[in-house]
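I set out to examine how the two chains of this model are arranged and where they meet. My entries follow the display.

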There are 2 protein chains.
Amino acid sequence: MNFDEIQSSKVKHAEEVLKKYLPREQGFQKKVLEAMNYSVMAGGKRLRPILMEESYLLFGGKGELVEPFMAALEMIHNYSLVHDDLPAMDNDEYRRGRKTTWKIYGDGMAVLAGDGLLNLAFETVASAFDMAESREEMKRTAQAVKILANKAGIYGMIGGQCADIEAGTGQEMTKELLLFIHENKTAALIQAAFMIGAVLAGADKEAVAAMEKAAYNIGIAFQIQDDILDVTSSKEVLGKPVGSDERNHKLTYVTLHGLEESREEVRKLSREALHILGSFENRSRFLEELVNSLITREK
Amino acid sequence: MNFDEIQSSKVKHAEEVLKKYLPREQGFQKKVLEAMNYSVMAGGKRLRPILMEESYLLFGGKGELVEPFMAALEMIHNYSLVHDDLPAMDNDEYRRGRKTTWKIYGDGMAVLAGDGLLNLAFETVASAFDMAESREEMKRTAQAVKILANKAGIYGMIGGQCADIEAGTGQEMTKELLLFIHENKTAALIQAAFMIGAVLAGADKEAVAAMEKAAYNIGIAFQIQDDILDVTSSKEVLGKPVGSDERNHKLTYVTLHGLEESREEVRKLSREALHILGSFENRSRFLEELVNSLITREK
């Protein structure tokens with residue numbers, strides 16, 4: 001199989017895992033369950049659960065202990081999109097070519113659907129303790145829950161979202177603040193994916209820290225590449241208007257550092273990340289290709 | 001000490017526990033941390049953490065394992081208030097005599113503050129695994145996390161909130177639906193309090209189920225008493241307008257069953273609940289008085 005075929009089989013597998021943990025649409029609370037499933041099943045690359053499983057396999061993980069965490073991370077990613085799209089936040093009416101959750105179900109129900117997904121994520125990982133077969137596996141599971149909550153919360157993704165909102169309301173943008181936003185809004189859930197996969201597979205502290213660093217690099221490089229494409233690409237290639245950052249006077253890595261330095265930074269970050277991923281006993285060619293495709297993408 | 005003095009010392013203790021787990025207001029995400037603390041520190045009776053600790057003590061629980069769960073349950077209660085008050089939901093501008101979170105911080109930040117509290121609740125209970133001293137305590141901790149997620153989520157509080165919103169938009173109100181809403185919107189977090197306290201203290205399955213039943217009764221009786229007072233009390237005693245249910249053509253237990261049957265139901269439910277609480281080897285006079293005061297209150 002070539003890369004694209006492998007990737008689409010991984011997406012299919014991630015969606016099968018996810019569906020195991022999504023609610024049946026029944027009972028007096030049916031509406032919120034429909035809204036939750038609508039949000040999660042809207043498609044997407046299932047990048048985070050796939051990265052988590054690849055990390056789990058990289059460190060020799062076996063069995064299904066990683067599955068509830070794969071589902072939970074994708075639920076958390078999707079709840080954050082549902083809440084981000086709300087009129088109270090970004091007021092977006094479309095995502096992935098479909099109407100956003102609040103446009104279909106109303107904003108009250110969309111608030112609840114997001115809450116429902118976040119809560120279900122933790123309900124799902126709590127069920128993983130029943131799968132843990134030893135005290136050691138229970139400890140790993142507990143450690144993985146801590147990482148998930150930390151990277152998704154106020155010292156992770158939610159922290160980044162807050163700083164992003166603040167930056168939009170007049171707080172002066174600095175290089176430090178921009179990196180904080182990228183690290184927490186984008187890199188944090190990729191870090192959760194890599195770290196949880198490694199922890200559940202029994203990787204040692206040094207390896208988990210190395211995977212955290214690799215995920216940081218990937219998240220930041222991904223964001224800088226986004227900013228570069230906004231300047232260098234065309235609407236035809238990208239499928240969305242280019243030059244929007246400049247029009248909106250938005251400070252990005254490119255406006256702060258220039259195009260050349262930005263390109264060099266992407267190269268440096270991705271070289272380091274791939275070096276880390278290639279440094280373990282097992283190597284996953286698929287994982288390395290996937291990471292490379294994320295960073296060097298042209299759209 | 002009399003009941004009121006004991007209660008106020010319990011409130012103080014619950015708030016000290018809570019403060020241990022609330023965030024320091026610093027960093028680029030300072031605003032959301034401020035909004036979270038504003039919401040949680042607005043006061044309130046701290047009923048749920050107090051009930052949890054009483055249940056823990058009732059079954060001989062020792063040490064601090066219950067504390068992160070006390071804090072987490074209060075965070076969850078408060079996140080639900082922050083989201084309920086949003087313009088997208090109930091559009092309330094005041095709560096406990098203070099402006100609601102969204103009125104102070106804006107509705108985008110209030111969405112995030114609620115998300116932050118829900119996430120922090122699970123981050124907090126995840127830290128409890130570090131306190132567990134044996135495999136048995138780890139299992140109890142895992143069981144307690146499952147109960148918390150279940151009672152707070154789509155098969156608990158969020159489910160009740162969804163049904164309540166639906167009932168307000170034309171779905172026909174039936175006795176069954178009304179009980180579903182009360183059970184999930186109100187009783188579920190009280191059940192979490194009682195059950196988690198019991199589980200962490202090592203109570204057996206039968207005792208945990210009995211505590212779940214007692215909490216169900218308390219939650220439902222509390223709600224019916226609310227409906228009764230709306231008919232029988234005066235604005236002077238209640239501190240809010242009475243007769244609002246009738247004016248809003250709201251179907252309540254009283255409109256469905258009449259005043260006499262409703263009063264009898266409150267008596268029956270509370271008698272059963274107090275019978276359960278008095279049936280264990282230890283008895284807590286404070287807990288029994290607290291439960292009695294909740295149900296038989298005149299305001």
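**Notebook: the contact between the chains**

Entry 1. I began with the extent of the contact: chain A contributes 44 residues and chain B contributes 44 residues. I keep in mind throughout that this is a predicted model.

Entry 2. I then looked up which elements of chain A give two or more residues to its side facing chain B. They are α2 (30–40), α6 (107–126), α7 (135–152), α8 (157–167) and α9 (175–201) of chain A. Of the elements, α6(A) gives the most to that side, with 13 residues.

Entry 3. I turned to the relation between the copies. Chain A is superposed on chain B by a rotation of 180° with 0.0 Å of shift along the axis, and the RMSD is 0.0 Å. The two copies are therefore related as by a two-fold rotation axis.

Entry 4. Which residue of chain A comes closest to the rotation axis? I noted Arg135(A), whose C-alpha lies at 3.3 Å from the axis.

Entry 5. Finally, I recorded the confidence values. The average pLDDT of chain A is 93, and 98% of the residues score at least 70.

How values were computed:
Residues numbered from 1 in each chain as written. Chains lettered and ligands numbered in written order. Predicted model: local features only at pLDDT ≥ 70, side-chain atom pairs only at ≥ 80, totals over all residues. Least-squares fit on C-alpha atoms with pLDDT ≥ 70 in both. Contact = placed C-beta atoms within 7 Å. Helix = DSSP H or I, 4+ residues; strand = E, 2+ residues; numbered from the N terminus. pLDDT = per-residue confidence, 0-100.
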